[in-house]
Amino acid sequence: MKTTMVTEELIVNMGPQHPSTHGVLYLELKLNGEIITDCRPHIGYLHRSIEKIAENRSLVQFVPFTDRLDYLASMNDNLGFCLAAEKLLQLEAPARAQYLRVIVAELNRIASHLLAISTFAQDLGAYATPLFFAMRDRQKVVQIFDELCGQRLTYNYIRIGGVAGDLTPDIARTINEFVLYFRKMINDYDDLLTHNIIFKVRSKGIGIISKEFALDYAVTGPSLRASGVKWDVRKDEPYLVYDKFDFDVPVGANGDAWDRYSVRIQEMRESLRIIEQAMGAIPEGDPVAKVNKVFRPSGEVYMRTESPRGDLGFYIVGTGDVFPYRLKIRTPSFSNIAALPALIKGLNVSDAVCALGSLDIVMGEIDR
Amino acid sequence: MTPFLMEMAWLVLKGVMALTFIAVSAMFLIWLERKVSARIQNRVGPMITGFHGALQSVADTVKLLLKENIVPTGADFWVWWLAPFFVAVPAIMVFVCMPFGPSAIVCDLNVGILFMCSVTSVSVLGIFMAGWGSSNKYSLLGGMRSAAQIISYEVPLLLSILVVVMEAGTLSMQGIVHAQEAGWFFLKPNLLVAFIIYIISATAEVNRVPFDIPEAESELVAGYHTEYSGMKFAMFFVAEYTNFFIIAGIAATLFLGGWLGPLAPSPVWFLLKAYGIIFFLMWVRWTLPRLRMDQMMSFAWKGLTPVALLNVLVTGWLLVIKG
Amino acid sequence: MDLAALVQELQASIPGAVIESLPTGVVIKKEDAAKAFSLLKNELSFESLQCLTAVDRKETIEVVYHVYSFTHRLMATLKVVLPMDDLNVASVTGLWSSADWFEREVYDLFGVRFEGHPDLRRILNPDGWTDHPLRKDFKGAGVVPKPVK
């Protein structure tokens, strides 16, 4: 006897409230059994129209808004915007400020990567332990920022023309201690995750981003480097004083989730090297240049910097008014998450969570 | 009073003692898990309620008892309503044959271990009912995964228990303990292999990391018990920790000599061994990530089952040689 | 290859396509946009569309493309100017997949229609929204703060 079984695709709404969508991301998944046949991401739940707000704020007033883009790496967003604004206004920050900017940007990169790898491990089912380890070490970075500018999350530390507070000997000592401490601590993450066989079999070969795919989708940052493209804005279009430091750009071989994880671990080591060199060479002087408080920008500029998630670009158009005429923020997470549907088609739900976690997205900068 | 009635009363008393133990043990285990995980994660865990948070589980129980029992719209009511019982009752029934000491056992059935294995297998029905009845896609996926997983790991689990039964020559739990008076079973190489297989499969049986796939939090929110609240949820929770104690208790009895041990009274030895295994499994849970469904299945069928089968063969051969 | 060479190449291959030369790029005639981008992608190895956005100039809307060539390590800014009464431009999703979401965003916030886009829906605003908030004539409900003196 012949029977026909009627099957239908299961549509699962993953998010906007879900433990592993890293914020308010809503994925509409079509499942055949547990295999994803189609994925439609819906974003915009965190849309605060920051680009429209920028048209009604002077450049100086806008700096705090950049904190709210990528709230896990606010220093890097401050930096990206201030560099773009300075390029437009043809200003340059004093040498001491440049070094301080490098130091805080790299410290923030470490803090951000810590959360990236630990939430990734959490997505793979390592219950909270890597997360608490990462939080413990991130706390030390946040403490440094707290002493430096009085804030733990939204720093507003890097300003147009310099930085908001000077480095005191106390903070300098804390930073040096942190570098020594964390260099040892990275080995703990290696023990807990890198050399963990379950972690490896779960993430190797999952969500492969090939070189062509990455360029096609404008995937940047660690995700691009994991696919073997040696591209780092700090190295290839040096800004600040990055060309004075000796550091490597780690690249992966296969572009899978494990490579993205491993690139982040290695980048933390490189960041420590940069901080160490910068701390040794930091010049005396004023941390902030004597600049006007009101700017009337004209012309246009596109400036990109290397944020922990990839190329962060600010496109500012000025028409001689106090307010910028148009300000576009090209955020790395936006481009990286756009590649997700193509990335997870044909995987099962567990692997999709793994691929999503390894992209390290922040909804604040996707929705803006 | 007739001897029959006396015996019945004695049985009932022992049963009540076992039930009390289950309730206290589950609450203690929940507290222990929170403390152990906290220590592993540089935290302190619950500290406010009672000495080092010892009464936290009591407070949680009271809270869960008072909570509203929410029935999801579109749930298959009876299936949904009965599911927690199908999970909790077998877990309690297993304690009938759990040997805490030479006489501290509710009833030493002559098919003890067989009874335990068959009764625990019923709980998969309850889990699947919960997944099916909840009218929630995550629950359904969790229930399906759970059914596949538990049935798969039942095979190596039973094969590893079979080795013990062959070695001891009896199915009675007390008989197995007595057979170890000459030396605990896990000291023999073939039984050590069986012990390792048992621990791995038992971890999968109770859905713990690295096999917590049915309730994979980052994928399925909470799996089959997503839609349960209040006392219904508490029943799942208590059943989970009771099952956790059961697998540790069986492992202690089958491989580590049960209540055998010098000086201290026998129940102390039994609990010490069981909690040792529990501590080890907690340690594993808070350290390792989770496997993927297909990896876990292929590990069961291509890895554990052949090794367990081979182990049965080798044990039989060794027994024949010894005569 | 530098920017001057790029402009030369564009002028040679598609006569009349380049309307104006900018410090960082060129303005391209709307009708030739599709051809110019295809040339950039397929022959001049601009592998990646890093950013796509628009600027409302009140009478016109400029669509701004930032394309980057990893081969030449060169960033080029290309602009296509659209008159307000005809906000249509050829989609580049066929050339660069990253354009998919960028174009949806520009459609959502400016109302520019990209011809040939496979799935032109709103992305940041709700589906039922009718306005295009980043246009200069958009009247928001909130209070617009006064300029700094």
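Predicted model: local features only at pLDDT ≥ 70, side-chain atom pairs only at ≥ 80, totals over all residues.

User: Let's begin with the chains. Of the two pairs of chains in contact, which share the most contacts?

Analyst: Chain B and chain C can be set aside, as no contact joins them and their closest C-alpha atoms lie 25 Å apart. Chain A, on the other hand, has 27 residues in contact with 24 residues of chain B, and chain C has 25 residues in contact with 30 residues of chain A. Of the two pairs in contact, the one that shares the most contacts is chains A and B.

User: How many nonpolar residues are on the side of chain A that touches chain B?

Analyst: In this interface, 27 residues of chain A are in contact with 24 residues of chain B. On chain A, β1 (10-14), α4, α5 (129-149), α7 (197-203) and α14 (349-359) each supply at least two residues of that side. Sorted by class, that side has five charged, eight polar and, to answer you, 14 nonpolar residues.

User: And which element gives the most to the side of chain C that touches chain A?

Analyst: Here 25 residues of chain C are in contact with 30 residues of chain A. Two elements of chain C, β3 (48-56) and α3 (99-110), each supply at least two residues of that side. By class it has 14 nonpolar, eight polar and three charged residues. With six residues, the element that gives the most is β3(C).

User: α3(C) has come up. How many of its residues are buried?

Analyst: α3(C) has 12 residues and reaches 15 Å from its first C-alpha to its last, close to the 16 Å expected at 1.5 Å a residue. Its buried residues, including C:W101, C:F102 and C:Y107, pack against α12 (332-338) of chain A together with β3, β4 (60-69) and β7 (113-115) of chain C. Just after the helix, C:G111 takes a positive phi of about 80°. As for burial, α3(C) is mostly covered, and the count is 12 of its 12 residues.

User: Is α3 (residues 74-89) of chain A parallel or oblique to α4 (residues 95-123) of chain A?

Analyst: The contact is made by A:M75, A:N76 and A:L79 in α3(A), which meet A:R101, A:V104, A:A105, A:N108 and A:R109 in α4(A). By class these residues divide into four nonpolar, two polar and two charged. The two axes come within 8 Å and cross at roughly 140°.

User: Which elements do the buried residues of α1(B) pack against?

Analyst: Helix α1 (residues 3-40) of chain B has 38 residues and reaches 53 Å from its first C-alpha to its last, close to the 56 Å expected at 1.5 Å a residue. Among its buried residues are B:I22, B:L29 and B:W31. The helix is followed by B:N42, whose phi is positive, near 60°. The elements of chain B that its buried residues pack against are α2 (56-66), α3 (77-93), α10 and α11 (266-285).

User: Is B:N136 buried or exposed?

Analyst: B:N136 is found in the loop between α5 (123-133) and α6 (137-168) of chain B. Leaving aside neighbours within four places in sequence, B:N136 is in contact with B:P72, B:T226 and B:E227. Because B:N136 has 22 C-beta neighbours inside 10 Å and the cut-off is 20 or more, B:N136 counts as buried.

User: Last one: is C:R73 buried or exposed?

Analyst: C:R73 lies in the loop between β4 and β5 (74-83) of chain C, and has a positive phi of about 50° although it is not a glycine. With 11 other C-beta atoms within 10 Å and a cut-off of 12 or fewer, C:R73 is exposed.

Methods
Residues numbered from 1 in each chain as written. Chains lettered and ligands numbered in written order. Contact = placed C-beta atoms within 7 Å. Helix = DSSP H or I, 4+ residues; strand = E, 2+ residues; numbered from the N terminus. Nonpolar A, V, L, I, M, F, W, Y, C, P; charged D, E, K, R; others polar. Axes fitted to C-alpha atoms, helices over the stretch in contact; angles between N-to-C directions. Expected span 1.5 Å × (residues − 1).
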